[in-house]
Amino acid sequence: TNETIKGDKQWLFWDEISSSNAFDIVLTSHAENFLQQEKNNNIDQNIIPVIPDKLEIDQNKPLTAKRLSYYFYHQQCQRWLTYQWLSDDTITRKSPLINNELKQHRLAKKQTFEQQVFDQLANKHTLIYCELALSEQLSLLQPYFKNDNNHRVFLVRPILSCNHHNSLKLKGKSIPDLIRVSQKNNTLHLTVGDIRVDHQAQYHHRWQVAYNAWLLPVYLQQQNNTNNYQINTQSFIISRFIDNDSQIKWNGFDHSPYLASLPTLFKNIQQQLQSTSSITNFQIQSHCAQCDYFKPCYQQSLNHDIHYFPQLSPGLLQKFRQQGIQSLDELTEFCQQDQKNVFSPQQYEQIQSKLIALQQNQILLKKPTTRIFPSNLSLTFLVDIQKHPITGYPYHIAFQLMDQRQQLMYEAYWINLTSTQWQKAIQELQQQIT
């Protein structure tokens, strides 16, 4: 990794190898234990979240399409979800890590692209821009379909809302970017859409559009709308091409499977908002770094360092919690009591090996099936790839090739790459390697 490269090069060579028996090889690392280093430098008890005895849910906060989308973006994190409905004074330890300047840049880029989309649509179709409730926008449609049933109208950012619904006990509210309206046989055909500045629609984006498609007929029913209408099962997401920001790309998808899952999803959300376990039972993961609540969760995970057990699955973490294990020290003590009946024999052996690696700073190899990496390398390749902070696509590459004496043989750098240039850079790297 980059951290290893920047450090002492002696870490690349193992000069202390001991054999505990005929089959085991123990490798001792020269590097400082990173987990212990983080504990020493970063634990701040003042920002560890306080878990209330009873959740005071703010019932006035609606379930919006954006909240549902972010729920899937954060991989259905129960703690993140519950924080959305706690009153603002309850969450005193929210500390966003996202750079505000970068946030503003992303917003400006999104607004610029949205205006490009609106301009292109306006060349062929009619756009109704007023940000009104959908019922008010629909009342403006009649003149457009009076003489031309093939006409298409796009409603820009109509406001949808609903009170408590049979399957959704919370209020619902959303402002979709677009609703496409066409008329056939005196029936209005409504298609929900969204605009994304990304190059392609992600999974959580589809949930956002699907929720709008669910909320649309609910809203019309509660408003007692008298128009004949039909909601199309095909929704759309407009995105941009990688190499041409001036062209828009239409991504259609069938939202029916998402709508079929929404009642169960609403039920799960409601259950999570009624129990404090949705806050206490969390798991720190790599994607958590993008969350506004990452810092307090990270501090708490350093106190309960069982979160850093290697390859920790949700099921294994739940098994640890059932045994009252919250730290690696407690897990070590638990294993010393020979509690093999709790874990399978293979699981028990893996747990012990990983504990040695973490606590004794050693790696246990069962069989020397290959030479000890990375000692005695004939060539060393160093590749560093930076992703664009807005698009998330690779746009900087640094490459170095060194011989066995760590003498530089070749280096190359690529800056601000487009997708075409990215492919050429990869081809050049392959040529150097071969």
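Okay, let's start with a salt bridge: the side chains of aspartate 305 and lysine 39 meet at 2.3 Å, N to O. By salt bridge I mean a side-chain nitrogen of Lys or Arg within 4 Å of a carboxyl oxygen of Asp or Glu. One heads-up: this is a predicted model, where local features need pLDDT of at least 70, side-chain atom pairs count only at pLDDT 80 or more, and totals for chains, interfaces and linings use all residues. Residues are numbered from 1 along each chain as its sequence is written, and side-chain values use heavy atoms, with hydrogens and water left out.

Back to our pair. Aspartate 305 sits in the loop between helix H11 (294–303) and helix H12 (314–322), while lysine 39 belongs to helix H2 (residues 34–42), so to speak a link across 266 residues. Helices here are DSSP runs of H or I with at least four residues, strands are E runs of at least two, and both are numbered from the N terminus. Is aspartate 305 buried or exposed? Buried, at 5% relative accessibility; the cut-offs are under 20% for buried, over 50% for exposed and partly exposed in between, with a 1.4 Å probe and protein chains only.

How many salt bridges does the count come to? Four. Another one joins arginine 157 and glutamate 114, at 2.7 Å, N to O. Arginine 157 is in the loop between strand E5 (152–156) and E6, and glutamate 114 is in helix H5 (residues 100–122), so this pair ties together parts 43 residues apart in sequence. Arginine 157 is partly exposed at 22%, whereas glutamate 114 is buried at 5%. Those two residues also join Lys110 in a network of salt bridges.

Now, helix packing. H3 (residues 65–73) and H9 (residues 256–272) pack at about 85°, with axes 13 Å apart. Axes are lines fitted to C-alpha atoms, for helices over the stretch in contact, and angles run from 0 to 180 degrees between N-to-C directions. That makes H3 roughly perpendicular to H9, a label for 65 to 115 degrees; under 35 is roughly parallel, over 145 roughly antiparallel, and the rest oblique. In contact, meaning heavy atoms within 4.5 Å, are Leu68, Tyr71 and Phe72 of H3 with Leu262, Leu265, Ile269 and Gln272 of H9.

Glutamine 75 has a positive phi near 55° without being a glycine, and glutamine 76 has a positive phi of about 55°. Glutamine 76 is partly exposed, at 41% relative accessibility.
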